[in-house]
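I began with the overall make-up and then went on to single residues and pairs.

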Amino acid sequence: MEAALLSPRRILARLGEGLDGPLLAITALLVAIGLAVLYSATNETTGRIQAQLVNLAVALVAMWAMAQIAPQTLMRFAVPAYVVGLVLLVAVALFGDIVNGARRWLHVGVTRIQPSEAMKLALPLMLAWYFHRNEAMLRLRDFAVAAVLLALPVALIARQPDLGTAVLVGAVGFYVIFFAGIGWKLLAGLGLAGLASLAPLWGMLHDYQRRRVLTLLDPSQDPLGAGYHTIQSTIAVGSGGITGKGWLHGTQTHLEFIPERHTDFIFAVFSEEFGLIGNLLLLAIYLALIARGLMIAANAPTFFARLVAASVTLMFFTYAFVNMGMVSGILPVVGVPLPFISYGGTALVTLFMGIGILLSVHRHRKLVQT
């Protein structure tokens, strides 16, 4: 009896109890595609693959741990996580390490951390907690407070400067506010205010950020400098044609014209080798991921769980949209990875923790709302 209880099959069944099969299958498919494209992007070497497998192991542990935490427990950690995140962002601004002109890292003991990554999850948890607390009567004042809670970390991250992460954090926070029930008139007013703020915001951008925007309009202005990434990535995307050149046969990739081809520009590698058909299939997989996440959010037992699940799901959408738009030349280069496909550790762990939150919401969907 004891041996049976400790058998690998029983252990795996116990670990996977209550987890959402379709969501895990979609995520596993994206990871498999990522490993295949990474192998090609690194010229068929195994070093990056092995490192990515280590990153994946850590990310899976983080995902499983998040899946075990009930949404009610997550709600209790929302405020401390947000406050600690803000304190760490302030510490980065004061004492952080400067790497390539940006102050984004903070030494903690024997290692370095990037607090802005944690805000991608801490901010939606905090906003969902706030709206859940005031669910009975949401007023304009509540949305104003939420906007302040959103603006503080976004401003600190943009100041580092890290425009890509600021966009992601701002977007995931906005999704919570949107799903909380903000009125369309107020939303339109905020949109107009955003347009009116473009001029002063332009003056606040760093020189290299302005160059990125101007280069988006005309990459040929600086074909060997600021425009190089956009020009080479769009050439790779276009050269893939309808069916692509085939796995491991991308010329732009293997002749090393594509910059950062294993991280931010891995979509250019995929497009060149699998073409339009491959891109459409990849889009379908991402849409399936988003649809499944929104279904989990719709069936969530509490207002808090519903807001968190919906915002985390649309975080995946924002990652994919910004990365594909950046590589295709319709958005500025801001350094956002392609979710579950680009090489990297920190972003991968954050994404899998997001999957873990969705699994937790699904697992505890039958709880009675209190």
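Entry 1, the whole chain. I counted the secondary structure and found 16 helices and three strands in the protein chain, keeping in mind that this is a predicted model. Of the 370 residues in the protein chain, 46% are buried. I then looked at the contacts with a separation of 6 or more, and 73% of them are between residues 24 or more positions apart.

My search of the whole structure returned 10 aromatic pairs. I looked up Phe131 and Phe143, whose ring centres are 5.4 Å apart with the planes at 45°, so I noted this pair as tilted. Phe131 belongs to helix H6 (residues 115-133) and Phe143 to helix H7 (residues 140-158), so that the pair links distant parts of the chain, 12 residues apart. Both Phe131 and Phe143 are buried.

I went on to Phe340 and Phe352, an aromatic pair that I recorded as edge-to-face, with 5.3 Å from centre to centre and 90° between the planes. Because Phe340 lies in the loop between H15 and H16 while Phe352 is in helix H16, this pair ties together parts that are 12 residues apart in sequence. Phe340 is buried, as is Phe352. I also noted one aromatic cluster, formed by Phe174, Tyr175, Phe178 and Phe179.

How many of the 18 residues of H16 are buried? I found 15 of the 18, so I describe H16 as largely enclosed by the rest of the structure. Helix H16 covers residues 346-363 and reaches 25 Å from its first C-alpha to its last, which is close to the 26 Å expected at 1.5 Å a residue.

In helix H15 (residues 303-328) I picked out Asn323, which has 0% relative accessibility and therefore counts as buried. Setting aside neighbours within four places in sequence, I listed the contacts of Asn323 as Asp264, Phe267, Val336, Pro337 and Leu338.

I found a nonpolar patch on the surface made up of Ile242, Leu276, Ile277, Leu280, Leu281 and Leu283, which together have about 560 Å² of accessible area. One of these residues, Leu280, lies in helix H14 (residues 266-298).

I located Glu256 in the loop between helix H13 (251-254) and H14, and with 49% relative accessibility Glu256 counts as partly exposed. Not counting residues up to four places away in sequence, Glu256 touches Asn43 and Arg261. I also checked Gln232, which is 24 residues from Glu256 along the chain, and the two C-alpha atoms are separated by 9.9 Å.

Asn43 itself lies in the loop between helix H3 (21-41) and helix H4 (47-68), and at 26% relative accessibility Asn43 is partly exposed.

Most residues other than glycine have a negative phi. Leu248 is found in the loop between helix H12 (228-239) and H13, and I noted Leu248 as partly exposed at 22% relative accessibility.

Terms used
Residues numbered from 1 in each chain as written. Predicted model: local features only at pLDDT ≥ 70, side-chain atom pairs only at ≥ 80, totals over all residues. Heavy atoms only, no water. Helix = DSSP H or I, 4+ residues; strand = E, 2+ residues; numbered from the N terminus. Buried < 20%, exposed > 50% of the residue type's maximum accessible area, 1.4 Å probe, protein only. Contact = heavy atoms within 4.5 Å. Expected span 1.5 Å × (residues − 1). Patch = residues over 30% accessible without salt bridge, like charges linked within 9 Å, V, L, I, M, F, W, Y side chains within 5 Å. Areas by Shrake-Rupley, 256 points an atom, 1.4 Å probe, with all protein chains shown as cover. Salt bridge = Lys/Arg side-chain N within 4 Å of Asp/Glu carboxyl O. Phe/Tyr/Trp six-rings, centres within 6.5 Å; stacked < 30°, edge-to-face > 60°.
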